[in-house]
Amino acid sequence: MSLGSESNSHCHLTATGPGEFWCPVCGQRCTQNSTSGIEYGHRLDCDRRPSELANPLEE
Ligand SMILES: [Zn+2]
């Protein structure tokens, strides 16, 4: 097992679509809304995570 690689636990991580990017801070594949500019997909503790974004774990 390789704990340093997340590529085996997800599918199609190499493909990035419009607005998608790899966050250099949290390492997650994020998506930026082309209209609002809000970035989705950051880890909850990521510095680039929009503060106005609701915490999905608290719903
Ligand atoms: Zn991030």
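Gln-28 lies in the loop between E1 and E2. The model is predicted. Contacts of Gln-28, leaving aside residues up to four places away in sequence, are with Cys-23, Gly-41, His-42 and Arg-43. Gly-41 is 13 residues from Gln-28 along the chain. The C-alpha atoms of Gln-28 and Gly-41 are separated by 6.7 Å.

The overall architecture is as follows. The protein chain has zero helices and three strands. Its elements run β-β-β from the N terminus on. Of the 59 residues, 5% count as buried. Among contacts in the protein chain with a separation of 6 or more, 2% come from residues 24 or more positions apart.

The three strands form an open sheet, in the order E1-E2-E3. The pairing is antiparallel. Strand E1 (20-22) and E3 stand at the edges. Each has a single partner strand, so one side of each is left without a neighbour in the sheet. Strands of a sheet pair through backbone hydrogen bonds, either parallel or antiparallel.

The two pairings can be taken in turn. E1 and E2 pair in the antiparallel sense over three bridges. Trp-22 has Arg-29 in E2 as its bridge partner. The hairpin of E1 and E2 has six residues between the strands. Within this hairpin, Gly-27 takes a positive phi near 80 degrees.

Strand E2 (residues 29-32) also pairs with E3 in the antiparallel sense, over two bridges. Thr-31 has Tyr-40 in E3 as its bridge partner. Gln-32 is bridged to Glu-39 in E3. Six residues lie between the strands in the hairpin of E2 and E3. There, Gly-37 takes a positive phi near 80 degrees.

Asn-33 is placed in the loop between E2 and E3. Asn-33 counts as exposed because it has 11 C-beta neighbours inside 10 Å, and the limit for that class is 12 or fewer. Asn-33 touches Gly-19, Ile-38 and Tyr-40, with residues up to four places away in sequence not counted. One of these, Tyr-40, is the bridge partner of Thr-31. Gly-19 is 14 residues from Asn-33 in sequence. In space, Asn-33 and Gly-19 are 6.6 Å apart, C-alpha to C-alpha.

Cys-46 falls in the segment after strand E3 (39-40). Cys-46 is partly exposed, because 16 other C-beta atoms lie within 10 Å, and burial requires 20 or more. Cys-46 touches Cys-23, Val-25 and Cys-26, again without residues up to four places away in sequence. Cys-23 is also among the residues touched by Gln-28. Cys-46 and Gln-28 themselves are 18 residues apart in sequence. Their C-alpha to C-alpha distance is 9.4 Å.

Note on methods. Residues are numbered from 1 along each chain as its sequence is written. This is a predicted model: local features need pLDDT of at least 70, side-chain atom pairs count only at pLDDT 80 or more; totals for chains, interfaces and linings use all residues. Helices (H or I, at least four residues) and strands (E, at least two) are DSSP runs, numbered from the N terminus. Two residues are in contact if their C-beta atoms, placed from the backbone, lie within 7 Å. Two strands pair if DSSP finds at least two bridges between them.
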